[in-house]
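Q: Could you take me through one part of this model in close detail? I'd like to begin with a single residue and then see what surrounds it.

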Amino acid sequence: MPLKLEPIQLAFLVCSFFIVDFSDAYLAPIAARLPLKGTPSPPGTPWPEPMSANFSISIATIGNRDSITFTSNLNNCSILNSAFNRYSPDLIFRDLPVESASGYPVFAGIEIILPSGIENQCGEYPRLALEEERDTYEKYELRVEQDSDSTVTAKIQAWTVWGALRGLETFSQLIWQNGTSNNFFINISQIVDSPRYPHRGFMIDTARHYVDIPVIETILEAMSYTKLNVLHWHIVDDQSFPFVSKTFPELSAKGAYLPELTYEPEEVQDIINYARDRGIRVILEFDTPGHTHVYRKSFPQLLTPCYGDGVNPGTPSPDKHAAYEILDPTKEFTYSFMKQLFTEIKNVTKDEFIHLGMDEVYYSCWQSSPEITAFMEQNNYTEYSQVQEHYTLRHLDMVKSLGAKPLIWHDPLEFGVNLDKDIVLQVWKKNGSDWAPYLQHALDEGYQVILSSPWYLNYIAYGETWREYYESDPVLSLPNITEDQEKLILGGEACVWAEYADPTNLVQRVFPYIGAIAERLWSPISTLDKNRTDDAMHRLDQHRCRLLWRGIPAQPIFNGYCFPQEKSIRRSSKK
Amino acid sequence: MKFLIKSALLHILVLLLVYNLSNCVNGHDDSVTRQLQRPGPQYYPSRGEPWPKPQLRNLYNDSIMIIRPPIFRFKVLRYTCDMVEDALKRYYSIILKTVSHSAPIVNLANAKHNKSWKSDPGFKGYLDVLQVDLMAPCESMPHESMDEAYEIKIGTSGFEGTGLLTASSNWGILRGLETFVQLLYPADDFSSIQIKTTLILDYPRFSYRSVLLDTSRHFLSMKILKQNLDLMAFNKYNVFHWHIVDDQSFPYQSRKFPQLSDKGAYQPYTHVYTQQNIAEIIEYARLRGIRVVAEFDTPGHTQAWGPAIPGLLTPCYNKEGQPDGTFGPIDPTNEKNFEFIHSFFEEVVSVFPDKYLHLGGDEVYYDCWKSSPLIAAFMAQQNMTDYAEVEQYYMQRLVNIVQSYPKNSSYIVWQETIDNGVQVKKDAIVHVWKNVNVPQEMSHVTSLGYKTLFSSCWYLNKISYGIDWTTYYDCDPQNFNGTNAQKRLVLGGGPAMWTEYVDSANIIARLWPRASLPAERLWSDANVRNKSDAARRLEEHRCRLLKRGYQLQPPNGPGFCGVEWD
């Protein structure tokens, strides 16, 4: 097995780079009396940290801008070809000329090696890796090797096209510029890499504020640079309904903020394909039975009429509930409407999972309603959670009958609803800063889980908040977790609820902080040695400079600068 | 997880009875109660209400006039100058942006045929000309006692069918033009740009209204500095407090001592402000009626000065009594340092034309001085017993030097200077920034008779989740016990954006529109404090500036502007 570099070896490496200055990403202390902690990483250090990597001090020079050439034994694969186009000289060198440095072997291209018989993947969408294929689904081995005295090549061995994409991203991060010169280098190196978890996501909320499509594309791009593989799209909510349904066009016609602030099904499809090219799944969330207030504008009969004045349906009650709230579980119309809507959604989405929400179902409206009381008597229900369960189970069965796999927030479990064990739960609750009991509860009940509790990036605070994200580990935070339970953890997601985020601040707010979460979910558990968080700061800073270099306006994590200069440009609209 | 705030739901009841909610989407209703509707946009924007709120505004019977942008002209009466002409061009293009960004909304071709406003009983004609009456010749440089008052009349009695902007200085004309374009708003049916008939008499409550940017923790590009100056003008700020250097880097490129930025900038070619850059910023600010007050903070916050000027910083000593290779504040025992300070600040006051220079003087830590046998010897020689006296000694020498220049210059110091007992001259200004015992400190400083600036509750680099602007809005520089004379010593102040976690990638969105709250506190009458009124106007103001192309984050929770930032 290749050795992992210890800090002391890194220091040795640093000293061995005879001509390198480390000004491509530079941090400065907060004050003279508080020196910076951690060890700066050499340029060309990838993020997230690979499972195992061995960097030699031998380096090869990049001959010119056209030296990054790709070959593969898998021909005519659209996903690979599109990746070869993306990892272009413009991405890696921007507009800089590239000059060969004399006295070094010259880099002579990159070769992708894939098993035969996987051609069909080129037309597919990425999916949640099955348990038996997790060791290979996104795995790659990257060797930058000296072929002869004068040439060096890179070889990426992968088992799927998705693994090849991850390898290409790592390869692109290994190339570094020597200070102010136009010389670019790559170290002779061997990397064996595979993610710790198969589900590494980011959730956007396009209901509180609309997010225009170029911004979503920018996010997908930056996600691929950070090895995240799921975009969880919380597309509608109480505030607005920007998804244009062909079945029920009134939903967005009356529920979108403005007619322009919508997503046509074709646009959703484009985003799904844009994500697929980068090995990213798109999971659509249509949240019910709560968070549905927007339906009142087009289909008010879907919502439960509340009796705020105790007499009349459709009257609100101060501090308790609105006039109409929560889908009405007593009416067949609700179920038939949802079946039609989700039939359409199933056709739009390409992922096997649909996120069904199910969070924050408040009972006060139901409690006010004589119809709900009658419904409970008729069904012998004594608890409102049974009403919630009634809806939840019918809705889950319906969605399963459409051939989709349901993913839901863990609220129903917390409310004592009996769910099938094949439902995947997303754990988001926290009690203060304590979230581990919620995760442990879901695992004790035997559910597969996706963790989000410690990773709500919308809760901004002053300072180095990424450290807490980085040090929140789904396994190490649970003292009583069993080995079998560890296997139930599919991964995690960072979330940004958009009350205070929109295209003016969203990308900056997420990147590079989400990198901390991406490394937690990708890299081996051994990276979580708290002493290494300080080292991680330097690598994360380097990653943020790399994101800036690629046109992603990632915010700074500490005092300092990127060289040659900060590029906070936003990619122009592709519309 | 999604903050369906129950307490808010109660309001829906009232509203449901009054409104058909499905018709609220475009939010063109001025009703104050509409803002309570949730979920959905948290606040519906006001229409044609200026930010900061003018001192006096009269409206007349819901009557409106229509602006036809292709026809509309400014007409200058009496005095004008390059600055005024430049502003007229700028504001005309802002009017065009208001129109084009309201499209498809304001369709001029349709408007021509579909003059729906003609049937509006409030319609009082077209406002095709705004007369701009500057009553005195232009002043060239903005200064501490510039007159920013102005008056606007739109179709008022005796002025039917016309508009007039009057001011006795060009600074008032600049502020009035900003207010004028903020009065414009699209009609309900988007067929036109409207303005309500109005009388406005306006002037600032405080004369010093500043925004501090720190270009040392992170370098900020010229583009960002200019964008920020634009936004300052849109909010009637009049001082750019440029905290240009600090411990982390020294981007100021000095004429006399170029080694300071060669060795102290993050990068000596790309991360510096050249003399030409600085002149450009000063001119850009001048045209917008904004002073540039530079801050060169000493004797602490000077790590980045050290490499270029050997002997400037105090060497710190280890326990064995040997220099440990680290350095503390400027070394006041070295007489040569005062020669350097004299020479360097002489350059600075010639580069920055404003009368005031900010000398810093904050956060001097004594650990290094305490370690140094040289400082100990110096203290013994000077009969000092307290390290604060060493600091006082340095600051006294510094202010004496700055007072000695032939230029009629004065200075601003952070509060520590006064807290430590330094005597500064009477037209010096003390800047209160600490957020502890604020009223006591304000009482103390003003009781000593010093002119005072206030920034304590406006450190906008400190962020937190949710609606934080109410805190900034509630805070008042004159909220302390003192005589009227003491209150009058408060010149103003403003927000600070220290850049530990901020650079060109996120600074504009993080600063704006949060900095609009201190702007209103500093400009408008002290009684302008109604937060639900402010919320609606802030929503309009944010969307208005978004339409002008600036990256302002949402201040109020869920909602939309119709035109998103791109």
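Is Glu49(B) buried or exposed, and which residues is Glu49(B) in contact with, leaving aside its neighbours within four places in sequence?

A: Happy to! Please keep in mind that this is a predicted model. Glu49(B) counts as buried, because its relative accessibility is 15% and the cut-off for buried is under 20%. Glu49(B) sits in the loop that runs between helix H1 (6–18) and strand S1 (56–67) of chain B. Leaving aside neighbours within four places in sequence, its contacts are Arg57(B), Gln182(B), Asp533(B), Arg536(B), Arg537(B), Glu540(B) and Arg544(B). For a sense of scale, Glu49(B) and Lys370(B) are 57 Å apart in space, C-alpha to C-alpha, and 321 residues apart in sequence.

Now let's step back to the chain around this residue. Chain B has 566 residues, and 63% of them count as buried. Its secondary structure comprises 18 helices and 19 strands. Among contacts in chain B between residues at least 6 apart in sequence, 74% join residues at least 24 apart.

Chain B is divided into domain 1 (56–202) and domain 2 (208–528). The contact between them takes 19 residues from domain 1 of chain B and 19 residues from domain 2 of chain B. Taken over C-alpha atoms, the centres of the two domains are separated by 38 Å. About 1,600 Å² is buried between domain 1 and domain 2 of chain B, and carbon and sulfur atoms give 54% of that area.

On the domain 1 side that touches domain 2, helix H2 (82–100) and helix H4 (170–182) of chain B each supply at least two residues. H4(B) gives the most to that side, with six residues. By class, this side of domain 1 of chain B has eight nonpolar, four polar and seven charged residues.

Glu144(B) is partly exposed, with a relative accessible area of 27%, and Lys355(B) is partly exposed at 24%.

Arg217(B) is in the loop between strand S9 (208–214) and helix H5 (222–234) of chain B, while Asp246(B) is in the loop between strand S10 (239–243) and helix H6 (259–264), so the pair ties together parts 29 residues apart in sequence. Arg217(B) counts as buried at 4% relative accessibility, and Asp246(B) is buried with a relative accessible area of 0%.

Terms used
Residues are numbered from 1 along each chain as its sequence is written. Chains are lettered from A and ligands numbered from 1 in the order in which they are written. This is a predicted model: local features need pLDDT of at least 70, side-chain atom pairs count only at pLDDT 80 or more; totals for chains, interfaces and linings use all residues. Side-chain values use heavy atoms; hydrogens and water are left out. Domain bounds come from an automatic or database domain assignment. Contact means heavy atoms within 4.5 Å. Buried area is the accessible area (1.4 Å probe) that two parts lose on being put together, summed over both. Helices (H or I, at least four residues) and strands (E, at least two) are DSSP runs, numbered from the N terminus. Ala, Val, Leu, Ile, Met, Phe, Trp, Tyr, Cys and Pro count as nonpolar, Asp, Glu, Lys and Arg as charged, and the others, Gly among them, as polar. Buried means under 20% relative accessible area, exposed over 50%, partly exposed in between (1.4 Å probe, protein chains only).
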